[in-house]
Amino acid sequence: MTCKIDYQPAPDLLRDRVVLVTGAGDGIGRAAALSYARHGATVVLLGRTIAKLERVYDEIEAAGGSQPAIFPLNLEGATLKDFHDMADTLDKEFGCLDGLLHNAGLLGRITPFAQYDADLWEQVMQVNINGPIWMTQALLPLLQRSDDASVIFTSSSVGRKGRAYWGAYAVSKFATEGFVEVLADELDSEPHLRINTLNPGATRTQMRRNAYPGEDPANLRTPEDIMPTYLWLMGPDSAGTHGQKIDAQPPRQP
Ligand SMILES: NC(=O)c1ccc[n+]([C@@H]2O[C@H](COP(=O)([O-])OP(=O)(O)OC[C@H]3O[C@@H](n4cnc5c(N)ncnc54)[C@H](OP(=O)(O)O)[C@@H]3O)[C@@H](O)[C@H]2O)c1
């Protein structure tokens with residue numbers, strides 16, 4: 001599985017590209033939005049907490065990046081109509097979409113399956129897989145208009161090998177891997193549109209803290225550390241990479 005942690009992106013790697021990042025207000029999504037903007041992209045910041053998106057917006061502007069756009073949306077309650085309205089807005093504003101990073105995610109609870117709450121299970125599946133799938137369907141026509149579009153679904157180690165107690169989170173990530181295999185196969189005849197999964201690996205964020213409260217975060221890579229792979233997969237240097245399972249960082253030593 002490809003890992004490009006040593007990749008050296010060109011400063012203008014994403015110039016003239018419009019890239020949508022979900023969960024752009026915090027953690028890995030925030031770092032990706034800032035990093036994509038720093039490399040020339042016009043970034044659409046999607047998330048559920050407007051104040052966090054506004055802070056990222058301000059940081060991009062202060063750094064001299066191309067003016068971003070904020071798209072507030074809670075994936076939990078989002079409907080097909082919301083996704084199609086979003087596609088219409090992006091169509092009017094930009095006319096096409098060159099990149100889509102599905103990053104927003106919900107951990108749910110790490111607990112024995114026998115005690116897993118059914119409503120929470122549904123919530124995790126909605127945010128982690130159902131919402132991203134229908135958003136992708138609504139945005140396909142805009143992505144197909146790009147000369148070189150990259151769609152990235154965020155996976156996880158527990159979406160590639162099951163682990164006890166990880167419940168809906170792990171199942172949603174397995175579904176992510178499966179969906180990307182199916183859609184990649186369908187899109188084989190469209191060389192200008194590629195779709196891959198990306199596993200960030202253990203990364204110092206709030207979600208990781210919630211999953212491993214006893215762990216020392218100082219031993220983890222930061223979201224900024226793993227951005228080389230995120231840039232590589234979003235930009236033209238990964239053209240031809242399609243239907244692959246990518247890792248953002250090398251596996252940690254046990
Ligand atoms: N960190 C790791 O070690 C690790 C490892 C493997 C995979 N991942 C994956 O990497 C991605 C990013 O994780 P992270 O560690 O950066 O997590 P994080 O710090 O918890 O950030 C998650 C982001 O998703 C947003 N989000 C959550 N629920 C949402 C909803 N209903 N609608 C819209 N946005 C929502 C959050 O918004 P708010 O800030 O408003 O809550 C936040 O911006 C996730 O897909 C996760 O599964 C992470």
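The bend at a residue is the angle between two axes, one fitted to the seven residues ending there and the other to the seven starting there. The legends below describe close-up views of a predicted model.

**View 1. Helix α4 and its bend.**
Helix α4 comprises residues 118-144, 27 residues in total. At 1.5 Å a residue, the helix should span 39 Å, and its end C-alpha atoms are 37 Å apart, which agrees. At Q126, α4 bends by about 50°. Where α4 starts, a side-chain oxygen of D117 comes to within 3.2 Å of the backbone nitrogen of D119.

**View 2. Residues around the ligand.**

Which residue has a polar backbone atom 2.8 Å from an oxygen atom of the ligand? That residue is I28. For G23, a polar backbone atom lies 3.2 Å from a ligand oxygen. For D26, a backbone N or O atom is 3.5 Å from an oxygen atom of the ligand. On its own, the ligand has 890 Å² of accessible area, and the protein covers 93% of that area.

**View 3. The surroundings of R160.**
Residue R160 is located in the loop between β5 (149-154) and α5. The side chain of R160 takes part in a polar contact of 2.7 Å with the side chain of E177. The R160 side chain also reaches the backbone oxygen of I246, at 3.2 Å. Along the sequence, R160 and A170 are separated by 10 residues, and their C-alpha atoms are 8.4 Å apart in space.

An unreviewed UniProt entry lists residues 17-203 as "domain: Ketoreductase". Within this span, 47% is helix and 17% is strand.

Note on methods: Residues numbered from 1 in each chain as written. Predicted model: local features only at pLDDT ≥ 70, side-chain atom pairs only at ≥ 80, totals over all residues. Heavy atoms only, no water. Polar contact = N/O pair within 3.5 Å; in protein donor to acceptor, adjacent residues only side chain to side chain. Areas by Shrake-Rupley, 256 points an atom, 1.4 Å probe, with all protein chains shown as cover. Helix = DSSP H or I, 4+ residues; strand = E, 2+ residues; numbered from the N terminus. Expected span 1.5 Å × (residues − 1). UniProt positions renumbered as here; feature names shortened; annotations may be inferred.
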